[in-house]
Number of protein chains: 2
Amino acid sequence: MKGEIITIGNELLSGLVVDTNRSYVAGRLMTAGVIPSFMTTVGDDEGAIADAVTRAVERARVIVVTGGLGPTPDDITSKSIARALEKRLILDPSAERQIQARYKKRGINPPADASRQALIPHGGRVIVNPIGTAPGYYLVVGDKIVFVLPGVPEEMRVMVDQGVLSILETQGDADVYIVRRILRIFGMTESQVNERVKDVAYDGRRVTVGFLPIFPENHLTVTAHSSVSKNDADQIAQETADAMRAALGDRVFGRDDQTLEAVVGGMLITRGYTVAAAESCTGGLLAQRLTAIPGSSSYFLRGVVAYSNDSKTGLLGIDPALIAEFGAVSGEVASAMARGIKESSSADLGISITGVAGPSGGTKGKPVGTVFIGMAFDDGGTCSVRSHGYRFYGDRGRIRLISSEMALEWIRRYLIRGPSKNGEM
Amino acid sequence: MKGEIITIGNELLSGLVVDTNRSYVAGRLMTAGVIPSFMTTVGDDEGAIADAVTRAVERARVIVVTGGLGPTPDDITSKSIARALEKRLILDPSAERQIQARYKKRGINPPADASRQALIPHGGRVIVNPIGTAPGYYLVVGDKIVFVLPGVPEEMRVMVDQGVLSILETQGDADVYIVRRILRIFGMTESQVNERVKDVAYDGRRVTVGFLPIFPENHLTVTAHSSVSKNDADQIAQETADAMRAALGDRVFGRDDQTLEAVVGGMLITRGYTVAAAESCTGGLLAQRLTAIPGSSSYFLRGVVAYSNDSKTGLLGIDPALIAEFGAVSGEVASAMARGIKESSSADLGISITGVAGPSGGTKGKPVGTVFIGMAFDDGGTCSVRSHGYRFYGDRGRIRLISSEMALEWIRRYLIRGPSKNGEM
């Protein structure tokens, strides 16, 4: 079933705001068997909105429109849709009650024109907005269905999940079911991934396999189609993803929307390990990622950002002579940082990062992008350490990001495989 | 002059990737007097691309198309554009040389079908891609101009800045010049901003003032139009922005694309101050933001993420009795954290954050979103401290983000105004 998405707003057209609604709606529509074939963005302009809606209704079965449902005069989406579909605007009593109730709940008096938001095209049926004041609605026009939702991302998302998807389900005439699985990989290039999965057999008529680089990760996408049922599509997608995962081994760290920090956090909780982090060039990014996960206080004990050499000595007990001999960016100092944070925190694992994030600070021997990771762990009653140097590429932000990713990956590998003999985890 | 932007790619249509190219192109086109009125996204489908281009050429003067210029068979943008504009595809020798040179520079053999990327519609003139292999091009069709660029964001951006904008300039028939200024504000609501700026006089026929909430900040946008020259538009925009800024006072922390951490970092460098950070609920986010700025090693000495109570004692010397009496989330502990990090690091400023980021951990007295900020500073030879409690709203990510923002804002206020008498900076 073909779909179209229309997003409305001058702030989108002028480039002030990145439109994240479109990709969200698209991903969710796919799960309901609706395949987006066009997406259009127009400004707060009645003629342009009406034109876009008219064209969409010609081309697609399911149309989702977001934005321009607020109470101010430049919110003209409903008026434009009424024009495109040749409907009158009607004050919907249930929508009006919702709006009044929402303002009351927040303890503020509704603005004079609040009920403008309850004016919807004749025949429209309200979709409840559980968060904000602007209700959404949908219109059935012949065999087409037009959904109209507010543009505030949080509101729009809930209304897609709780409203649009279940309404589409009751329509019950999906001609294709689509399920997507994503395998998340770090540390392999596209050609390395291809080499591993090239002999995996799958039904090419029903499954599409794609490759998506999302720095610093690579994602393998498996999209399955079925004309029978959602369960059928789900099964094909799952079987193919499982086969790919088997071929890729433990280089696949997660699935679908699992982040590396969420995977590592989950493993730390399950296995009862605690961790502490000592960072230099990443400046707290590793600690921030490890603590972004709810419940992280059960595994994350402490972090230090030892930016100056003084702080490496003061916070981590690193011998200044070691820094003088090998340099702050070295495997020796990475090891000492990992050992220092482990011993001072009594964590099971100490993890460290020291490097040159740039743009300045590089030297011939240690150019921008040189990064050492270190890890300290218990080894039969004593504390052992590993460290390894990498050369990363990109700007400051990218080098910091891939460094923190690699440190998280070291924790993951240690928890899966135990310590390496020496060098890289 | 009306513009349209067409982005191409199945990964955009299926919602796998958020399209950031559109907003970038839109913002840059505005500076060249081209006002985007439609944006369309289509998949790797010849008919759909040709249809979108045909419609765009009917409606707009300047069309920018991105994506689908790679060497693989699903890259069919050029073929589709040739069809829409009724041109033949021609192998462009200069494009072919560029492609070969790019592969050579990278030291890899060009794939067999590399020169597919040099097939461009007849009459197209090449736009150099200084980073990647796929060249771009533009076509003049009557009084319309169609730009075609690769979809890789880094490549596309450089080619817009170095190619598209200068080509538009040489066309020299802009009928309007548009300049936008943004004032960035933290800590005022929309109505507070309105209250301050409502009496600021400006030429409403030539200037549009808008309000844009970008959590946790609020941005005031000033867009000026001129039919005379870019300088003229620039001057009107600047004058209006200056008048607004005067009315808003030092609540405006930055302009245009300046982040709060960049502004604070710049002030720390200029005034020769050093800073150290002690964080609990933000888990390193404050340190990460302070060190995201190139050259931050001159002002950032160290950070600690004292997540456990143990680490608050071990890293910051906080008396366990203080934590027992007031709780880890309290003004008293925030003050002690700030003092502890200042004294151990010898930084000029110690800044601290402790709070409940959620989703769990809230209590009746200290619900999720309760956050205390603390600051320690030199005060005539002794170390003084301030702390203040806030109640923030949102999910874990939002509470962490606004907490780090408030801590940065405290540093900015201190550097502008000096210490507050007591309580909030």
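I call a residue buried if 20 or more other C-beta atoms lie within 10 Å of its own, exposed if 12 or fewer, and partly exposed in between, with C-beta atoms placed from the backbone.

**Entry: ground rules**

I am working with a predicted model, in which local features need pLDDT of at least 70 and side-chain atom pairs count only at pLDDT 80 or more, while totals for chains, interfaces and linings use all residues. Residues are numbered from 1 along each chain as its sequence is written, and chains are lettered from A and ligands numbered from 1 in the order in which they are written. My helices (H or I, at least four residues) and strands (E, at least two) are DSSP runs, numbered from the N terminus.

**Entry: helix H3 of chain A**

I started with H3(A), residues 46–59. Which of its residues are buried? I found Ile49(A), Ala52(A), Val53(A), Ala56(A) and Val57(A). Seen down the axis of H3(A), these buried residues fall within an arc of 130°, so they line one face of the helix; the arc is that of the directions from the helix axis to the C-beta atoms. I remind myself that an α-helix has 3.6 residues a turn, so residues three or four places apart point the same way.

On the face turned away from the buried side of H3(A), I noted the exposed residues Gly47(A) and Glu58(A). Next I looked up what the buried side packs against: strands E1 (2–8), E2 (35–42), E3 (62–66), E7 (136–141) and E8 (144–149), together with helix H4 (77–84), in chain A. For contact I use C-beta atoms, placed from the backbone, that lie within 7 Å.

I also checked the length. The 14 residues of H3(A) should span 20 Å at 1.5 Å a residue, and the end C-alpha atoms are 20 Å apart, which agrees. The expected span is 1.5 Å times one less than the number of residues.

**Entry: helix H14 of chain A**

Gly418(A) follows H14(A), and its phi is positive, near 80°.

**Entry: chain A as a whole**

I counted 14 helices and 17 strands in chain A. Its C-alpha atoms fill a box of roughly 80 × 55 × 40 Å along the principal axes. Of its 425 residues, 49% count as buried. Among contacts between residues at least 6 apart in sequence, 67% join residues at least 24 apart.

Chain A is divided into domain 1 (2–171), domain 2 (177–255) and domain 3 (260–417), with bounds from an automatic or database domain assignment. How far apart are the centres of domains 1 and 2 of chain A? Taken over C-alpha atoms, 34 Å separate them. Four residues of domain 1 of chain A are in contact with four residues of domain 2 of chain A.

**Entry: strand E9 of chain B**

I count two strands as paired if DSSP finds at least two bridges between them. E9(B) runs antiparallel to E11(B), residues 217–226, with nine bridges, and antiparallel to E12(B), residues 252–255, with three. I traced Ile185(B) to Asn218(B) in E11(B) and to Val252(B) in E12(B).

Most residues other than glycine have a negative phi, and most peptide bonds are trans, so I went looking for exceptions.

- A cis peptide bond joins Phe215(A) and Pro216(A), with omega about 0°; Pro216(A) lies in the loop between E10(A) and E11(A).
- The bond from Gly358(A) to Pro359(A) is cis too, with omega near 5°; Pro359(A) lies in the loop between E15(A) and E16(A).
- Asp256(A), not a glycine, has a positive phi of about 50°. I found Asp256(A) in the loop between E12(A) and H9(A), exposed, with 11 other C-beta atoms within 10 Å.
- Ser346(B), not a glycine either, has a positive phi of about 60°. Ser346(B) lies in the loop between H13(B) and E15(B) and counts as partly exposed, with 14 C-beta neighbours inside 10 Å.

**Entry: the two copies**

Last, I laid chain B on chain A: a turn of 180° and a shift of 0.1 Å along the axis give an RMSD of 0.1 Å. The two copies are thus related as by a two-fold rotation axis. The same surface serves both, as 100% of the contact residues of chain B recur in chain A. The superposition is by least squares on the C-alpha atoms of residues with pLDDT of at least 70 in both copies.

Terms used
Contact = placed C-beta atoms within 7 Å.
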